[in-house]
Amino acid sequence: MSDDPTQVREFFGARAARWDTRFPDDGPAYAAAVADLGLRPGDAVLDAGCGTGRALPPLREAVGPAGTVLGADLTPEMLAEAAKAGRDTAGTLLLADVARLPLRDGGLDAVFGAGLISHLADPDRDLRELARVVRPGGRLALFHPIGRAALAARHGRQITDDDLRAEPRLRPLLARSGWELVSYTDEDDRYLALAVRRKG
């Protein structure tokens, strides 16, 4: 799968209408990952690369009616499916590339990214952009409902250490981008890396 934004948009655009039916049982995994993000009522959170918006309802539940939930994706068809599923009631949908977010510096408490990192055109730059919009001490969750080995097997590949999601690659990548990795889980039924926005 390419990380070129045009190809990413074409790939997901062609699959948007069927996306939720491919993995219909992922809801509890999304909710559990959102719970681990440690959001509080009134927080502001971005679902970066939100797709069909499956994380938006649990994010809204976590921050409550006084909180802010944004879902950004560069694929219009995915955002249309999110709206069709009624998930636009849980958060504001933005047609935007995570490389250039229309958000002010330090305005968010957290970012949630499901399946995001393997689709970033420039991971260092894009993770710096996510750091820019999060306050110091804010959090980042990089999530996938299955782990690296299970995902590789699903695609008929072997797991490799050069995968950006592997902890030896991810930790320094995050550190260069303004984040500190504080928790890392890679199991068959869950991948979750939690990081904190460094001060200064």
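Modeller: The model is a predicted one. Its sheet is open and has seven strands, in the order 3-2-1-4-5-7-6, and the pairing is mixed. The edges are formed by strand 3 (92-95) and strand 6 (179-187); each has a single partner strand, so one side of each is left without a neighbour in the sheet. From one strand to the next, the twist averages 15°.

Within this order, strand 1 (residues 44-48) pairs with strand 2 (residues 68-73) in the parallel sense, over five bridges. In this pair, A44 stands opposite T68 of strand 2.

Two helices may then be placed against the strands. Helix 4 (residues 56-63) lies across strands 1, 2 and 3 and also strand 4 (108-114), and it runs at about 155° to strand 2. Helix 6 (residues 123-132) lies across strand 1, strand 4, strand 5 (134-144), strand 6 and strand 7 (190-197); its angle to strand 5 is about 130°.

As for the setting, the chain contains eight helices and seven strands. Its radius of gyration is 15 Å, close to the 16 Å given by the globule rule for 200 residues, so the chain is as compact as a globular protein of that length. Of those 200 residues, 50% count as buried. Among contacts between residues at least 6 apart in sequence, 66% join residues at least 24 apart.

Methods:
Residues numbered from 1 in each chain as written. Predicted model: local features only at pLDDT ≥ 70, side-chain atom pairs only at ≥ 80, totals over all residues. Heavy atoms only, no water. Pairing = 2+ DSSP bridges. Helix = DSSP H or I, 4+ residues; strand = E, 2+ residues; numbered from the N terminus. Axes fitted to C-alpha atoms, helices over the stretch in contact; angles between N-to-C directions. Contact = heavy atoms within 4.5 Å. Rg over C-alpha atoms; globule rule 2.2 N^0.38 Å. Buried < 20%, exposed > 50% of the residue type's maximum accessible area, 1.4 Å probe, protein only.
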